[in-house]
Structures are given as C-alpha cells and as structure tokens.
Amino acid sequence: MKRNLVLTTIVIFTTFLIKAVNIDIPVLPDSLTRGANSIVLNDHTNIQVTNISTATISRIRSLMIVNEKGEAHADFKIMLDKSTLLKRFKGSIYDSTGNIIFEIGKNDLTSSEYSPYLAVDNVICSYDLNMASYPFIVTYEWEERKTGDILSYPTFDPVEFDSQSLVNNSYSIHIPQDMGCRHLALNCIPKINEERTMGWVSYKFELPHFSALENVEYSPEARQIVPMVMMNPILFEAGGVRGKLSSWKEMGIWLTKLGEGQDLLTTEQIQKVNELTSDCKTNREKVKALYEHLRNTTRYVNISLGIGGLRPERASDVATRGFGDCKALSNYMCAMLRAIGLPAEYVVISTDRETIYKDYASFGQFNHAVMRVPLPNDTIWLECTAPTLPFGYIHSKISGHEALVVDGENSRIVKVPERKLDGPEIHKKYWVEFTSDASAYSIVEETFRGKYFEAEHRFKQTSVKDLQERARKETQLTSALLPNGCYSEDTSESPKCKFTYNFFAPQYGKVDDKRIFVPCNMFGWSFNKYTHHQRTLPLNIPYKTVYYDITIKIPEGYRIEALPADVTETSDICSFIQQVNVSDRLIHITQSLQFNKGMYPADISQRFAEITSIMVKQLSSKIVFVK
Amino acid sequence: MGTKIEAEVDQMPSIKDDDFVYCVNDYCAMLVFELAGFYLPGSNYHSIASSWSDVCGNFIKIWDEKLNLKNPYKAEMRNIDFSYCKNTLDSVNRCAEFLSKHIRWNGIYDIDCKDFKESVLRESGSNSTMNFVLISMLKDLGIQCHPLVIRTRDYGNLLRIKNPSLSSFNTMIVQFIDSFGNSHYIDCSDNIYGVDVLPENMIVNAAISIDTSSGTFSMTSTNRKLSTERKKIDIRIEDNKAVCNADIGLTGQHAANFQKHYNEINDSIKFVTEISDKFEIDISHLDIEGLHPRSDNIRIRTSFSCDITHTDSVIYLTPMLIESVSKNPFISETRDKPVEFPFIDGTTTVFTIHIPDGYELDSSTHPLSIKNATDDLSFDYNVSISDNLVMIVAKYKNMRDLYAQTEYSDLRYIFDLMADKCSDIIVLKKKNISL
C-alpha cells in the first residue's frame with residue numbers, strides 16, 4: 001500500500017508539473033476577481049508522514065498577481081530550521097497569456113538568519129519577485145523534509161493576504177495509523193475525504209472558494225474570517241520525550257515531562273532564596289521579595305533554539321547568567337518559590353488571542369509563558385519578562401486570556417482574571433485661564449490606567465525635559481512654557497500613572513480686537529472619526545474609555561458668545577456624553593467617550609460613524625468670548 | 001611593521017535620533033578609522049582610500065563593460081513615439097517610462113550592475129541596473145549622459161568623508177545634458193520620479209558626476225530644483241457651510257509626493273474619503289490632471305464644503321481651511337542637531353472669501369511678514385478687504401535644506417508664527433446687529 005501511495009503522489013505531481021509548463025489561464029467568476037489584488041489559482045499540499053520523526057511536505061502554489069498592490073503576494077518565503085530542510089524548489093513565472101517568462105531554482109533563493117532576538121535557529125529562505133507588467137502568474141513548487149521534532153503539521157491557510165481570493169486547493173496527509181492526527185477547520189466547512197488502509201490513514205481537505213476581503217478599519221483578525229485547517233499529530237516526540245496532543249491535559253503532561261529537572265537550583269542559590277525571604281512575615285511578602293529579586297537580577301532576551309523554543313532553560317543557569325526568555329524566567333521564578341516550599345505553577349498563554357480552541361490542543365495557540373502562585377484565596381499572577389510592572393499586575397496582553405497550567409496530571413485550562421479598572425483608562429483634567437492676549441495659564445493632570453498605564457509607564461525613568469516635551473506633544477502647544485513636569489505611579493490594586501504639570505502658553509487661543517477663541521478641549525485633536533464604507537465585515541472594537549474634565553475661566557471683561565451644547569449619543573458599540581455648565585464665570589465641561597469591546601455586525605457601522613463624527617466635531621469645537 | 005594609534009576621548013556626548021535628521025551618525029562624535037590600503041604577499045601596495053579622482057577612476061574601470069552596454073531594447077525603441085516630446089527632458093522621461101514597462105525596480109538601490117542580462121530576462125533589477133540600461137538607451141538617441149554617484153542621505157553626508165573610497169557611495173543615477181547644455185538627472189527606480197525629481201533619500205548637496213568619456217569628475221548637487229505648490233481657493237458661505245472651489249498646482253517633489261500617495265491608495269473613492277476625513281470636508285468634485293508616470297506637473301481642481309462655527313448672528317471662519325502646515329513640527333525648546341528638510345520648496349495660497357449678503361466683516365485677520373536672518377526661509381501673509389471680498393495671500397518659501405542647530409530657535413519661532421497664522425479666524429456678523 002505504501003508503494004501505491006508513493007505512486008499516487010508521483011502521479012499527482014507529474015500532473016502539476018505538466019501544467020506548470022503549459023499553463024492555462026482559468027476564466028474566473030466576478031465573485032473571485034472583485035477586489036482581488038491576487039488570486040490563489042492552485043494551492044495543493046501533500047504531506048507524507050513516514051514515522052514519528054520524519055515527514056515530507058510537498059506543495060504547489062500558483063498565484064495570479066492582478067495588480068501592483070498584490071506585488072508582495074508574489075514573493076516566496078519559507079522558514080527553515082535544523083529539523084526542516086528544503087529539498088526541492090522551482091518557481092515559474094508566466095505572463096498574462098500563460099507564456100512562461102522565466103524559471104527560478106533553489107540557487108536563486110536568498111537565505112537570512114537575521115532575527116531581532118538573541119538566539120534563534122530559524123533561517124528564512126525567500127525570493128522577492130518583481131515584475132514590470134500585470135497581471136502575471138507565478139507558480140512555486142517545493143518540498144520540505146522534516147526530521148526530528150515534529151509537533152505539528154503545516155496549517156492549511158492558503159489565503160495569506162487581504163484582498164486575495166482562493167480557487168483550487170487541496171491538503172492531503174498520509175500518516176501511520178498508530179500515530180493518528182487531529183484537525184480543526186476554521187471559518188469554513190471543508191470537503192473531507194478519509195481513507196484507512198493497511199496501517200495508514202489518509203485525509204484530503206478541500207476548502208470552498210473564497211472571495212477577496214478588503215482590510216478595513218476595525219477588521220476582525222485573519223484567523224476569525226479566513227478559511228483554514230489546522231493539523232496536528234496525536235502521537236509525537238520532541239526533545240526525546242514522547243507525548244500526546246489529544247487534549248490540553250495531555251499537552252500539559254508532556255510539557256511537564258519536558259521541563260522535569262529544569263527547576264532545580266544549586267545549594268548556594270537556595271540559600272540565597274532563603275535569605276531573601278527570611279524576614280518576610282507572610283507568603284505574599286515572600287513572593288514579592290523573590291519577584292523583586294528577579295526584577296533586580298535578570299533581564300529578558302528571546303532564546304528559541306530547537307526544543308529550547310518549548311523547554312525552559314535550567315533555573316540554576318538563569319540565576320547564574322541573569323537573563324532568559326519568558327519560559328526561562330517564569331521557570332526560574334517557579335524554582336525559587338518551590339525552593340522555599342511555596343506552590344508555583346508554570347503557565348503557557350497567548351498574548352494575542354483571548355480564547356483557545358477547547359477541543360483542539362496545539363502548541364501554536366500559545367506564544368508566551370508566565371507563572372502563578374496559587375496561595376489560599378490569593379492567586380498571584382506574575383509576568384517575569386517585564387520587571388518594571390508592579391508586582392502581581394495583570395497586563396493587557398494576558399488579562400482575561402485562557403491559559404494552560406502546566407502541572408502534570410493536573411494540567412488544565414484556566415482563565416487569567418480580567419484586570420479591573422477603578423476609573424476610565426484615560427482621564428484628563430485641566431483648569432485654564434487667559435490673559436487678554438489669549439495666552440493661557442493651565443494646571444493639568446493626566447491619569448492612565450490599564451493598557452494606557454502600560455504604554456505611559458515608560459516615562460517613569462525619563463528626564464523632566466522629556467516629560468515637558470511629551471506635554472507639548474499632547475497639548476499641541478509647541479510654544480508652551482513648562483516650569484515643571486511630574487510623573488507619579490500608584491501601584492496599588494488597580495495601578496495607574498499620573499502626569500501633572502503647569503504651563504503658560506502664549507498662543508493657546510486666538511485673539512482679535514473683540515474676541516478670544518479657545519479650544520473646547522486642548523486634547524481633542526487626537527481622535528479620528530470612523531468613516532462608513534460599504535462594509536461587509538463585522539466591526540472588531542477594542543475597549544476604550546476616556547474622560548475629560550475641563551474648567552475654563554471666562555476672561556475678565558469678556559462674555560460667552562459661542563459655547564458647545566450638551567450632547568448625549570449612545571449605542572451598543574460606543575457612547576459620547578458631553579455636559580457643559582457655566583457658573584461663577586467658570587465653564588465646566590465634561591466629555592466621556594466609551595468604546596465597548598466586542599464584535600459587532602457590519603450594519604451597525606453607520607451608527608458608529610455618526611457617533612464618532614459627532615465626537616470628533618465636539619472635541620475640536622471652539623469657545624468664543626466677546627468683549 | 002605598522003602604526004600604533006592610541007586615542008583617548010573624554011566627555012563623548014550621547015546622541016539620539018531625531019526628526020528632520022536623515023543619518024544621525026553624521027552628528028555623532030566619533031573617531032573613524034578607514035582602511036587606507038593593503039599589502040598582499042608578493043604584490044605591491046594596493047591603495048583603497050585615496051583621492052576623489054582615484055575613486056572616480058576606479059568606478060570607470062569597474063563600470064567599463066556596463067558603460068559600453070548594448071541597448072537591449074534597440075529594436076523595441078523604434079516603436080517609441082517621441083513625436084510629442086518637445087525637448088530632451090521629455091525624451092528622457094519617455095525612455096525611462098518605456099524602461100519601467102520592461103524592467104521593474106526590485107526595491108534595491110545599488111551602484112553596480114552585475115546581473116544585467118538576468119534583469120532584462122526577469123523584468124526586474126536594481127536602480128543601478130535600470131540606470132545603466134537607460135544610459136545605453138540615451139546614448140542611442142545621441143543624448144550625452146553619464147553616471148552620477150551618490151551617497152544617499154540615510155547613509156550619511158558625503159562632505160563628511162575625509163578619506164574617499166568606493167564605499168563612500170551606495171548608488172548611482174543618470175546625469176544627462178539637454179540641448180542647451182544644461183545638466184539634469186534622473187533615477188529609474190520608481191516611475192513617479194521624473195527628470196530632476198528624486199526620492200527624498202537621493203536629494204543630496206554633494207554628488208559626483210563622472211564623465212566617463214573624458215575620465216573627469218565634478219562635484220554637483222541633486223537639490224537644485226524648487227518644488228512648488230500653488231493654491232487658489234474661492235470660499236463662499238452657504239447654509240452655514242463654507243463652499244469652496246480650489247485650483248491647486250503641484251510641481252517637482254510636491255507632484256511626485258502627491259502621485260506617490262495617490263498610487264498607494266490606488267482608488268479614487270478611497271482617496272476622496274481620506275482627504276475628506278483628514279480635513280473634515282465633503283468633496284463634491286475632484287479632477288486631477290497630470291497623473292501619469294514621471295509627471296512633473298499636477299493640477300487638481302476640486303469643490304468641497306465644510307461645516308463652520310456659527311451662532312444666529314455670527315459666522316466664524318478659518319480661511320486656511322486645508323492648510324497642512326497648521327502645526328509646528330519643532331516641539332523641543334532646544335536642539336543639538338541641525339535640521340534637514342527634505343527639499344527646497346515654495347507654497348503660495350490665495351484665498352478669496354465672499355462675504356454673504358446680509359453680513360459684514362466684524363473682525364479680520366492681520367498681515368504678517370517674517371523671514372530668517374539669511375533670507376532663506378520666509379512667510380508672507382497679506383490681507384486685502386474690498387466691499388464684499390476678503391483676499392488673503394500666503395507665501396511660504398524655504399530655499400535651504402540644512403539649518404544649523406544655532407538657527408533652531410529662529411526656525412521654531414517662524415514655524416510657531418506660521419502655525420498660529422494658519423488658525424486665524426475671520427468673523428462675519430449680520431448687518432445692523434450690535435454685538
């Protein structure tokens with residue numbers, strides 16, 4: 001039977017090879033050409049798994065590049081590593097009538113080991129294709145051989161770019177029956193053909209045709225809309241440890257085995273840990289003391305060499321060297337806590353996806369490691385790669401995300417608690433009064449919470465000059481004179497940071513013989529309205545809350561000629577509330593903006609556009625004083 | 001054998017990158033060692049760092065084959081229609097346009113051309129490959145031309161090089177002579193850039209022109225052409241909206257930048273939407289002339305309207321409705337590096353505001369004239385008022401692309417005043433109403 005499979009494979013590829021030299025330009029329906037910068041005419045992947053550590057992946061991908069915007073779609077790029085070799089490669093480029101222009105081979109590919117990280121063993125093999133005229137067709141045929149650690153098979157996601165449509169495709173895998181494999185189809189119902197014979201199982205998937213989608217503002221992520229099939233072995237072996245990927249628990253068991261012995265510290269290191277915690281009265285204090293130690297003695301660097309992409313470095317080595325990646329630092333923190341008898345759990349998580357596929361375990365769904373300390377009634381989550389963040393702070397990249405606790409037979413999916421905010425994410429409060437030439441004196445207080453706290457937190461260690469420059473940028477008052485500038489941080493249960501400064505701005509408002517014109521909100525310039533297009537994609541709205549609290553003193557000898565009115569605009573997706581009060585020659589304006597996180601249907605976009613338009617108009621409105 | 005050099009440097013200042021700087025290393029205190037030459041066993045001393053003359057000689061040797069390249073499109077060129085070409089510049093642009101249809105720039109700026117045949121076959125090549133092919137084409141037309149070697153701005157200022165070597169340069173463009181004996185330049189990389197218009201990174205004050213026939217060289221600049229932007233905007237007030245008709249002319253880098261941006265969007269509806277969003281206007285008509293490869297003259301005629309602030313009896317109008325220089329980019333109080341502008345340019349904007357019936361001018365904007373000490377940077381803002389018309393003429397001119405840090409405070413002050421002037425407000429009130 002194995003021989004038959006090989007023959008089948010040869011027949012399939014011979015067919016494709018013949019097509020490669022006599023290419024016919026297919027007639028495509030409007031639905032596949034509309035809005036497409038490139039069209040995937042053919043994408044056929046064939047995976048032959050020989051055993052637990054050997055697989056051959058053959059692929060043919062043929063694209064029609066419709067216009068200049070699709071130029072980047074024509075490039076070839078493949079990631080290789082120690083266990084993945086490129087055995088065969090051929091590229092053929094055709095003009096719009098199907099005549100071959102030229103061919104390229106393996107020697108034409110460029111290899112680069114460049115990486116921004118300290119140590120990775122990936123090599124990017126690529127070919128940048130630039131053609132003078134459009135449309136043209138490019139076909140790449142290549143074969144990869146994987147030997148060693150095979151944790152997953154390539155995901156079949158032939159639509160790689162926005163404005164790309166998909167025509168013919170298939171994904172076949174032939175695998176020993178005792179290894180087994182699992183798949184997960186997303187955003188489509190593929191045609192599946194399964195065959196089992198003589199110890200082998202074969203699957204063939206075909207995705208339905210897919211029309212090009214334009215990348216517009218607030219688009220969902222590709223994995224939420226693009227058809228794909230994910231594929232994993234059930235039985236695998238990596239780093240000399242055999243495991244199963246039939247459930248998250250099994251994956252946790254394997255990760256536990258892989259990390260066995262990696263959390264050991266030397267006697268001296270344990271002694272140091274004991275010294276550091278000897279004066280602590282509570283377990284929480286002990287955890288805090290050790291986190292402080294981690295913060296003061298280590299730094300983050302990315303190391304992804306071979307199985308090191310999954311196995312943490314030895315804790316004792318991290319303690320000695322003082323650096324490590326997320327796995328290494330989290331494991332080291334676990335090791336220190338375990339050394340003094342405290343519970344510590346190593347956790348893998350994703351920084352860019354909140355939820356995981358519950359019934360489909362795979363390594364690709366996680367890209368980060370953190371750890372947690374399950375004290376009675378007080379589970380502390382620790383991010384070990386960002387030591388400037390407050391102790392126990394759950395940052396926005398993991399807040400509310402599902403994660404896998406790696407704890408042998410007790411491995412399980414948990415959810416990181418949602419970070420709670422005790423106020424709006426951005427809160428700006430200022431008081432302003434004017435001289436007769438519309439120069440202004442102002443006292444400002446800007447408070448940031450949540451993800452904005454994380455972004456502004458970098459100012460903790462900057463000079464007063466940098467703080468002043470930041471204030472000028474924020475207020476757009478380039479000639480403002482700032483005698484001071486202060487950054488402070490509250491690292492309590494709900495951390496926030498605050499900028500406080502005074503300024504004198506010679507050109508705050510405009511003045512003529514009779515009037516003074518001043519902005520209603522000097523921070524109001526920073527918002528853009530959403531423009532309503534003929535939208536078909538849902539709106540993927542991130543959470544955002546902003547509150548402005550503005551007090552403006554009416555200049556002596558002037559009265560109000562024009563003033564913004566109260567506004568209340570609310571909807572499921574967002575809201576804007578403006579309140580304006582005048583009393584005792586003071587104008588008090590509050591503006592509250594809220595964007596509610598969620599995926600909203602496309603038909604709500606018009607209302608969203610209306611509200612953001614009103615929002616922008618009100619934020620940039622002017623107040624006019626007249627003599 | 002050799003020389004030992006010991007250097008001790010005290011109080012080296014730190015430096016960080018900044019806006020309006022193309023290569024921060026140009027301003028970094030440093031001690032640079034360059035290889036002067038080398039001995040190989042059994043051979044004579046081989047000099048590397050030498051004079052500009054030697055470097056140019058070396059370029060001629062390296063390029064020997066490429067400069068005698070046979071025009072690969074000799075036959076096809078017979079079909080090029082040169083009939084509408086009024087002068088040498090048009091003919092060169094036509095050739096470059098023809099070339100861009102046969103070889104596409106691969107995104108690489110280079111100084112040599114190693115893969116000429118491959119590039120022709122694969123329809124793809126570096127800018128230098130395309131430029132060498134262009135030289136062969138221009139020679140066939142009898143146009144005198146030669147390479148102009150450049151150190152791009154992000155690579156560093158050529159004038160700071162003390163020990164010239166081949167590596168002082170990283171790309172080349174084509175210099176040619178028109179029928180009046182004037183020299184011009186062109187680069188084939190991106191087909192939005194025509195004669196005397198270059199990608200920002202190639203606009204340099206020092207480049208070396210290598211006359212390969214005589215073996216001589218001369219220092220020149222690629223920053224000689226003034227790019228202009230002229231706007232004429234007619235504003236009427238209708239139904240509490242400013243209804244505007246604008247006629248805009250762009251030349252040089254302004255035309256190229258506009259075209260580049262337009263091409264990136266590549267969709268006229270999206271383009272209109274983007275402009276509408278940016279300036280908070282509703283565009284009812286847009287007509288763009290001159291949108292073709294290597295165009296040096298773009299004319300935009302547009303009609304648009306926008307909301308204005310008003311009360312029952314008063315209208316507040318900001319005339320610089322679509323003025324893009326509304327913010328001072330120089331935020332820092334002080335600066336420790338010079339300021340580099342992308343190119344020299346001049347902008348003239350004429351606003352004509354029609355006072356609506358039943359209204360009168362209650363307060364207007366005032367003239368302003370300001371320039372720097374060396375007269376390179378100036379802003380003139382004049383206002384004239386007749387019966388029912390307010391006319392504003394704003395002229396901005398910047399004739400220099402490099403300002404020393406000692407000039408920074410003047411620069412910042414001028415831009416502050418300009419930005420402030422751009423937000424001036426005109427007030428119109430209903431007649432016979434006292435405010």
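User: What word describes how α3(B) and α5(B) lie to each other?
Analyst: Start with the axes, lines fitted to C-alpha atoms, for helices over the stretch in contact, with angles from 0 to 180 degrees between N-to-C directions. Helix α3 (residues 88-100) of chain B and helix α5 (residues 127-140) of chain B cross at roughly 130°, their axes coming within 10 Å. Angles under 35 degrees count as roughly parallel, over 145 as roughly antiparallel, 65 to 115 as roughly perpendicular and the rest as oblique. α3(B) and α5(B) are therefore oblique.

User: What kind of model is this?
Analyst: Residues are numbered from 1 along each chain as its sequence is written, and chains are lettered from A and ligands numbered from 1 in the order in which they are written. Side-chain values use heavy atoms, leaving out hydrogens and water, while local features need pLDDT of at least 70, side-chain atom pairs count only at pLDDT 80 or more, totals for chains, interfaces and linings use all residues, and the model is predicted.

User: How many residues of each class are in the contact of α3(B) with α5(B)?
Analyst: Contact means heavy atoms within 4.5 Å. B:V92, B:C95, B:A96, B:F98, B:L99 and B:S100 in α3(B) meet B:M130, B:V133, B:L134, B:M137 and B:L138 in α5(B). Ala, Val, Leu, Ile, Met, Phe, Trp, Tyr, Cys and Pro count as nonpolar, Asp, Glu, Lys and Arg as charged, and the others, Gly among them, as polar. The contact of α3(B) with α5(B) has ten nonpolar, one polar and no charged residues.

User: How many helices and strands does chain B have?
Analyst: Both are DSSP runs, numbered from the N terminus: helices are H or I with at least four residues, strands are E with at least two. On that basis, chain B comes to eight helices and 23 strands.

User: Which hand is the crossing of α6(A) and α8(A)?
Analyst: α6(A) and helix α8 (residues 326-339) of chain A pack at about 140°, with their axes 10 Å apart. A crossing is left-handed if the near helix is turned anticlockwise from the far one by less than a right angle, and right-handed if clockwise. α6(A) and α8(A) cross in a way that is right-handed.

User: Which residues of α5(A) meet α6(A)?
Analyst: The axes of helix α5 (residues 267-277) of chain A and helix α6 (residues 283-297) of chain A come within 9 Å and cross at roughly 125°. The two are therefore oblique to each other. On the α6(A) side are A:K286, A:A289, A:L290 and A:H293; on the α5(A) side are A:K272, A:V273, A:L276 and A:T277.

User: Is A:E493 buried or exposed?
Analyst: A:E493 sits in the loop between β28 (486-490) and β29 (496-505) of chain A. Buried means under 20% relative accessible area, exposed over 50%, partly exposed in between (1.4 Å probe, protein chains only). At 78% relative accessibility, A:E493 is therefore exposed.

User: What share of chain B is buried?
Analyst: Chain B has 435 residues. The buried share is 50%.
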